[in-house]
Amino acid sequence: MASTARAIDGSNHDDNAQVIASRTLRKVDMRLIPLLFITYMFNFMDKTILSSASVFGLIDDTHLVGQQYSWVSSIFYFGYFFWEVPTNYLIPRLPVAKYMAANTFFWGAVVALTAACVNYGGLLAVRFLLGIAEATITPAFMFITTTWYTRDEIPFRTGIWFSGNSIGGLAASLLAYGIGHIEHPLRPWMWMFIILGVATFLWGFVLLAFLPDSISKATFLTPQEREFMAHRAVIAGTGRTEKTHWKWEQAVECIQDPKTWHLFAIAILTQIPNGGTQNFGNLVIKSFGFTSLESTLINIPSSVVSASTITITGWMAGRYRQMNCILIVGIVTLSIIGSALIYARAHHVPLGAQLFGYFLLATGPGALPLAMSLVQANYRGVTKKMTMTAMMFVAYCAGNIAGPQLFRASEAPTYQTSFRAILICYIISGGLAVSLRVYLQFVNKRRDREEGVQGNAGLSGAVGGKVVEERRRGNNEVSDLVRSVDLRPEDYEDVTDWKTVGFRYRL
């Protein structure tokens, strides 16, 4: 394979590696990030509009009693769980953009059909199907992000598209507030599902037209730019994702890896609170003494807090390679304070303090994208990474299934059991983040001793020794390494982080 240096120099003698890197990365960002961000907005809006619908007549119109609304909330994650492993197997084997578009058509149709539900059974059916539809979105986005970006770029890009969750919450609140004034010819909650479902379905055509299946099929880039992006993934990312096949030994290695179980537990423990507050948020706000319409407006600053937390911590995790676990601890500390304030309201905590606690809880969703970025940046080998991705979202489902069940109708409006559980979950997850950081530090130091080379948490590893040699000469810029390192076919082999010399973990 010809070196990138020759390909680039041959295309334009006046361009240098830095200019090409900046120009190409900007083109990729402008194409991919808006598509991922807006899709994730729809993902969150379609999933959580149930909370707004619950205070606009859905519960009464569908005759839900007791814990039935909790099960309508939880059943979504049974569908998600059902399809999570199959979709992680399919994502690297199918044209990912076309798979995403087809999935979005199905997803939009299911959301719109929710408006036709008249009873508990109908709601259970459509919410289960919605879980199946949305199970593909986040694993596919993680796959796309690791395909296109370097280890230093992954946390910030993940933070940007994941913040679509929170902006989606803001948009859903505004939409619910507007639609909440419509009483005829359909009930407000029905219009919420119809409008969002149709918008999601139409968005599928945008994905079909503009989202590339892979680097090699990205027609918006020149051939030289496509080669440059492919080389970056090998030198400073986590390896090439095209033309790989399932390797059982990588799946076994993933299960044996201690960092796997740290991240798995963090995902469960941060998603139990998320599952509860996501579906009962409006009901909790109403319990503070606000009306249905006011509860939708109060969720707007909450969404801004969440989006800001995700974006800022994502940038910091990308900028500083040793900050990721510390940022998780910081987020859960704020969430601990918030849940403690709400839990204590049975002891006559002022309304302002309760509302402040609710806004502090809005930082909690920022823990998951940080954990996801650790998966994307610290796992090498396509099968190992997709196995870990599947496990993360099994944990995600388990947490979100359990979360709504902690909100017992008999305990309304204070929900003491739920906020006590939320407090405990965040305390344990903070401890696990500290433990994970200590473990990864230990492994990095051990590998430095055993391999006899100073590894780097921003690069892919040795790549046959060539990257290590360039770094010994003082060459650390990714764009310069892409230009100077002559990659050969064997450098594209699909190997894991355990078996890559010089690969070091982000903390």
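Author: Phe228 sits in helix H11, which covers residues 223–235. A helix here is a DSSP run of H or I with at least four residues, a strand is a run of E with at least two, and both are numbered from the N terminus. Before we go on, note that this is a predicted model: local features need pLDDT of at least 70 and side-chain atom pairs count only at pLDDT 80 or more, while totals for chains, interfaces and linings use all residues. Residues are numbered from 1 along each chain as its sequence is written, and side-chain values use heavy atoms, leaving out hydrogens and water.

Back to our residue: Phe228 counts as buried because its relative accessibility is 1%. The cut-offs are under 20% relative accessible area for buried, over 50% for exposed, and partly exposed in between, with a 1.4 Å probe and protein chains only. Phe228 also pairs up with Ile20 in an interesting way: 208 residues separate them in sequence, while their C-alpha atoms are 8.6 Å apart in space.

Now step back to the whole chain. Its 507 residues are 59% buried, and it has 21 helices and 0 strands. Contact means heavy atoms within 4.5 Å. Among contacts between residues at least 6 apart in sequence, 84% join residues at least 24 apart.

Thr145 gives another view of the interior. This residue lies in helix H7, residues 137–148, and is buried because its relative accessibility is 0%. Its side chain reaches the backbone oxygen of Phe141 at 2.7 Å. Beyond its neighbours within four places in sequence, Thr145 touches Leu36, Ile154, Arg157, Thr158, Trp161 and Gln376.

Arg504, in the segment after helix H21 (478–484), is buried as well, since its relative accessible area is 3%. The side chains of Arg504 and Asp448 are joined by a polar contact of 2.7 Å. Such a contact is a pair of N or O atoms within 3.5 Å; within protein, one must be able to donate a hydrogen and the other to accept it, and residues adjacent in sequence count only if both atoms are side-chain atoms. Not counting residues up to four places away in sequence, the contacts of Arg504 include Arg151, Asn444 and Glu451.

For contrast, look at His63 in the loop between helix H3 (58–61) and H4. His63 is exposed because its relative accessible area is 57%. Although not a glycine, His63 has a positive phi of about 60°.

Helix H4 (residues 68–90) packs against helix H6 (residues 120–134) at an angle of about 35°, with the axes 6 Å apart. Axes are lines fitted to C-alpha atoms, for helices over the stretch in contact, and angles run from 0 to 180 degrees between N-to-C directions. Among the residues that meet are Trp71, Phe76 and Trp83 in H4, and Leu123, Arg127 and Phe128 in H6. The residues of this contact divide into 14 nonpolar, 4 polar and 2 charged. Here Ala, Val, Leu, Ile, Met, Phe, Trp, Tyr, Cys and Pro count as nonpolar, Asp, Glu, Lys and Arg as charged, and the others, Gly among them, as polar.
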